Amino acid sequence: MLSEHQVVCPIHPMTKRLLRDLGEQGLLQELQPFFAPESATIPVSVGDDAAVVCFDGDLVITKDLLVDGVHFSDQTTEAEAVGWRAGAANLSDLAAMGASPVGLLVGLALPGDTPLDWILGVYRGLAHFGVPILGGDTVRSSQRVLSITALGKIQGPAIRRNQACVADKLLLTGPMGSARAGLELLLYSEQGEQLSQEDRQVLIRAHQRPTPRLDIPNLLFAQTRRIGGMDTSDGLADAVLQICRASGVGALIEHQRVPILPAVRTLAGDRALDWAYYGGEDFELLLSVDPKVAEKLLTLHQDFTAIGTVTASPEVSDDLGVLLSLERSFQHF
Ligand SMILES: [Mg+2]
């Protein structure tokens, strides 16, 4: 049966199909191409009451909740980027523990007038990572809410926040402040006129399509099993402070060593370091490792930068004398 919209807009019937026209079974059919095929490691995928997955090691689990108007908006985020960022945030948390991904579960709470295209866009964003989508649920709601659960596996001890030791080097896997700069460009398009088109794209991509550092754990584990660390999803300051708090140590950051892209410096001016510390949503890893291990890692991957040292003093500051503050970091409540 044709829906009202399909009759009114016969030229673009696909773009006008709404969730309420499809129903749950219709939606499941549309999503079928995104679900993991059954295999030796996934003997039961989507279609039964639950999925079955085989793997060796310890299970690592994380969940993220994204709410329309809080974590994304039509102004700055198209559907594919919503899915991409949700996937990236979860997979970054797996990487931060040293885990490799096993699968994703997708929960969607959506108003009936949500276009099918929006839902397919979210799934396209999620599917980008090539991590099996093992199941999910869709319910009716007055607001768009996306909940992703990521399952990972690890053999041996995980990377943890409480594993930093005095005299460790703090290593970052990539530049800070880029996602904050991208958001600035999306919110205020008149900004950054002095940037090249390419630079603008790099920064916007950093905000909309970040890459979780799933490539890092194996590199680390080949060198050591004692790694303090977490991801920088809530900013560099938050990561340094959380690791120091959990480990009962302090840290001294060398502010000139904090990697910040030239384009971010151009756009941010004297706010560049602030964006690096407090901007958030750069899904890199901050790691605390023995100085000898740090030295080795710096030769193994050009993305690593040593930005400071773990200290016995409880203070967390930089060499400008600026104390880092959790209050200034992004907090939901
Ligand atoms: Mg995190």
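Arg225 touches Ile154, Gln155, Gly156 and Pro157, leaving aside residues up to four places away in sequence; contact here means heavy atoms within 4.5 Å. The model is a predicted one, in which local features need pLDDT of at least 70, side-chain atom pairs count only at pLDDT 80 or more, and totals for chains, interfaces and linings use all residues. Residues are numbered from 1 along each chain as its sequence is written, and side-chain values use heavy atoms, with hydrogens and water left out.

**Arg225**

- Arg225 lies in the loop between α7 (216-221) and β6 (228-231); helices (H or I, at least four residues) and strands (E, at least two) are DSSP runs numbered from the N terminus.
- Arg225 counts as partly exposed because its relative accessibility is 33%; buried means under 20% relative accessible area, exposed over 50%, and partly exposed in between (1.4 Å probe, protein chains only).
- The side chain of Arg225 reaches the backbone oxygen of Gln155 at 2.8 Å and the backbone oxygen of Pro157 at 2.9 Å.
- Ser247 is 22 residues from Arg225 along the chain, and their C-alpha atoms are separated by 16 Å.

**Magnesium site**

- Asp93 (OD) and Asp231 (OD) coordinate the magnesium ion at 2.2 to 2.3 Å; donors are N, O and S atoms within 2.8 Å of the metal (3.2 Å for Na, K and Ca), and sites may look incomplete because water is not among the atoms.
- This pair links distant parts of the chain, with Asp93 in helix α3 (residues 79-97) and Asp231 in strand β6, 138 residues apart.
- Asp93 counts as partly exposed at 24% relative accessibility, whereas Asp231, at 3%, counts as buried.

Technical notes: A polar contact is a pair of N or O atoms within 3.5 Å; within protein, one must be able to donate a hydrogen and the other to accept it, and residues adjacent in sequence count only if both atoms are side-chain atoms.
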